[in-house]
Amino acid sequence: MVSEQPAQVPVRTPAQVLVASNRGPVSYTLRDDGALEAKRGGGGLVSGLSAIGSDADAVWVCAALGAGDREAVRRTGGRLDQADTGDQRVRMLGIAPDVYTDAYNGVANSTLWFVHHLLYQTPLEPAFGPEFRAQWASYETYNRAFAEALADEAADGAAVLIQDYHLALVPGMLRALRPDLRIGHFSHTPWAPVDYFRLLPDDIARQLLRGILGADRAAFLTRRWADAFTACCTELLGGTGNTRIGVHGLGADADFLRERAHRPDVDERLVSLREQIGGTDRKVIVRVDRTELSKNIVRGMRAYRQLLADHPEWREQVVHVAFAYPSRQDLAVYRDYTAEVQRVADEINAEFGTDGWLPVVLHVKDDFARSLAAYRLADVALVNPIRDGMNLVAKEIPLVAENGCALVLSREAGAYEELGEDALVVNPYDISATAAALHQALSMPPGERAERSKRLAAAATALPPQRWFLDQLEALRALPA
Ligand code: G6P
């Protein structure tokens with residue numbers, strides 16, 4: 001039978017605002033009964049985008065990360081059901097699994113992340129041979145898939161906000177496809193110093209810089225990372241060309257956090273955490289991180305061990321609550337690091353623990369409500385990354401801590417630029433200095449601690465995610481056509 005009606009094609013308005021990131025606002029798991037379960041994520045971009053309202057013609061382009069996501073793409077053609085996304089239009093790209101693995105694990109997380117966070121053990125690595133060149137070809141393919149999807153979705157003259165090191169080539173590729181667009185690139189990571197960036201093969205180093213310079217604006221979390229990028233462009237390409245360089249710090253979402261931290265599920269976890277801590281007035285040193293090499297969790301624990309060795313008066317009087325959530329577990333070096341975190345925690349507990357006192361309470365299963373409960377209990381927040389684009393935990397804990405907290409903060413975190421004055425600042429490699437800072441933090445008079453914590457919270461919330469997002473959008477739109 002021949003139908004007289006043409007097939008119904010869903011109407012799609014071209015988007016005026018586009019966001020592109022590897023990880024999207026939703027992820028799927030395929031259940032045994034064949035149904036797909038959607039789980040929504042949080043973070044700065046999600047709240048940032050919410051600032052423009054759901055009636056704005058905005059679309060978020062992201063990659064399918066795992067098998068559940070790919071199945072969702074197969075069933076929907078990639079235009080996800082808005083019931084799953086909190087009413088956000090999302091275009092999810094079903095990139096071939098081997099291409100995706102090379103681009104995400106091989107290039108983005110094992111190479112670019114390592115370069116920007118100074119993570120290599122340079123006598124042996126990196127070593128760029130044919131295997132890396134093959135991964136690089138996949139990274140190009142993956143970036144091209146994003147550029148093509150954005151070109152396809154964007155209205156004439158639309159604003160496109162491309163996120164992070166996964167998508168460094170997209171601005172240049174998109175500019176070639178759609179010169180009418182206003183393109184921004186934002187780096188959530190630090191940027192490597194020139195000499196370290198030059199570990200990359202010369203042609204690839206230049207290709208990455210040119211890729212980002214395809215944007216009208218390239219923006220960073222702090223002036224320091226922006227200057228490092230500019231220095232690389234100057235050294236390798238002779239300058240940044242017509243691309244403007246911007247700085248947009250990202251702050252904590254005070255309204256959301258203060259409300260979320262007092263819901264019943266958080267109260268429940270507070271009770272069980274208190275039980276694990278034991279004692280009535282033990283002090284609590286809190287850290288919450290992905291189990292991420294750059295977060296420096298192992299040196300943080302070693303500093304805590306030194307505190308207990310140097311200052312026996314703290315034994316039984318303090319507990320280190322450390323949450324280290326699984327991250328990038330496809331990479332062997334992350335799995336090894338996770339095991340090492342666990343090992344050092346066990347060692348400290350075996351060395352110092354007593355019948356009624358577990359010195360380190362370590363949890364490795366992601367639980368947002370429990371993190372917020374720990375924030376509320378914190379007397380001291382330990383944030384000691386080797387290097388970090390910003391670090392929002394440093395901003396969130398002082399905001400939520402019920403009695404105010406002292407912040408021990410690495411000078412290598414982007415947050416140091418905004419919080420340095422009221423934090424106890426440490427060199428993240430200096431375990432002894434970190435131990436001394438922990439002692440100072442634990443000994444801080446309550447009045448001083450409350451005052452500092454109040455100022456930290458104020459600085460931490462100066463740039464809420466909505467502002468962060470809208471400022472970038474306005475800056476793009478204000479550029480001459
Ligand atoms: C950093 C990156 C983000 C990334 C996040 C989690 O914050 O800047 O782009 O999404 O880590 O890492 P993952 O590999 O799990 O997406």
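**Entry 1: helices 7 and 8**

I began with the axes of helix 7 and helix 8 (residues 223–237), which come within 10 Å and cross at roughly 120°. Helix 7 is therefore oblique to helix 8, since angles under 35 degrees count as roughly parallel, over 145 as roughly antiparallel, 65 to 115 as roughly perpendicular and the rest as oblique. I noted that helix 7 passes helix 8 in a left-handed crossing; a crossing is left-handed if the near helix is turned anticlockwise from the far one by less than a right angle, and right-handed if clockwise. On the helix 7 side I listed Ala205, Arg206, Leu209, Arg210, Ile212 and Leu213, and on the helix 8 side Phe229, Cys232, Cys233, Leu236 and Leu237, as the residues that make the contact, where contact means heavy atoms within 4.5 Å. Sorted by class, this contact of helix 7 with helix 8 has nine nonpolar, no polar and two charged residues; Ala, Val, Leu, Ile, Met, Phe, Trp, Tyr, Cys and Pro count as nonpolar, Asp, Glu, Lys and Arg as charged, and the others, Gly among them, as polar.

**Entry 2: what I am reading**

I remind myself that this is a predicted model, in which local features need pLDDT of at least 70 and side-chain atom pairs count only at pLDDT 80 or more, while totals for chains, interfaces and linings use all residues. Residues are numbered from 1 along each chain as its sequence is written, and side-chain values use heavy atoms, with hydrogens and water left out. Helices (H or I, at least four residues) and strands (E, at least two) are DSSP runs, numbered from the N terminus. Axes are lines fitted to C-alpha atoms, for helices over the stretch in contact, and angles run from 0 to 180 degrees between N-to-C directions.

**Entry 3: helices 4 and 7**

I then looked up the packing of helix 4 (residues 130–153) with helix 7 (residues 202–213), and found an angle of about 15° with the axes 13 Å apart. Helix 4 and helix 7 are therefore roughly parallel to each other, and helix 4 passes helix 7 in a left-handed crossing. From helix 4, Phe132, Arg133, Trp136, Tyr139 and Glu140 meet Asp203, Ile204, Gln207 and Leu208 of helix 7. I divided the residues of this contact into five nonpolar, one polar and three charged.

**Entry 4: helix 11**

Helix 11 (residues 297–310) has 14 residues, which at 1.5 Å a residue should span 20 Å, and its end C-alpha atoms are 20 Å apart, which agrees; the expected span is 1.5 Å times one less than the number of residues. I found Ile297, Val298, Gly300, Met301, Ala303, Tyr304, Leu307 and Leu308 of helix 11 to be buried, where buried means under 20% relative accessible area, exposed over 50% and partly exposed in between (1.4 Å probe, protein chains only). What covers these buried residues includes strand 10 (283–290), strand 11 (318–325), helix 12 (332–352) and helix 16 (431–443).

Helix 11 and helix 16 pack at an angle of about 65°, with their axes 8 Å apart, and helix 11 passes helix 16 in a right-handed crossing. Arg299, Arg302, Ala303, Tyr304, Gln306 and Leu307 of helix 11 make this contact with Ile431, Ser432, Thr434, Ala435, Leu438, His439 and Leu442 of helix 16. By class I counted seven nonpolar, four polar and two charged residues there.

Ala261 is found in the loop between helix 9 (254–260) and helix 10, and is buried, with a relative accessible area of 0%. Beyond its neighbours within four places in sequence, Ala261 is in contact with Val266, Leu372, Arg376 and Val400. I also noted that Ala261 and Ala369 are 108 residues apart in sequence and 7.4 Å apart in space, C-alpha to C-alpha.

Asp265 has its place in helix 10 (residues 264–277) and counts as partly exposed at 25% relative accessibility. With neighbours within four places in sequence left aside, Asp265 is in contact with Arg260 and Ala369.

**Entry 5: backbone details**

In the loop between helix 3 (97–117) and helix 4 I found Pro126, and the peptide bond from Glu125 to Pro126 is cis, with omega near 0°. Leu118 has its place in the loop between helix 3 and helix 4, and its phi is near 55°, a positive value in a residue other than glycine. Asn391, in the loop between strand 13 and helix 14 (393–400), has a positive phi of about 85° although it is not a glycine. Asn391 is buried, with a relative accessible area of 6%, whereas Leu118 counts as partly exposed at 27%.
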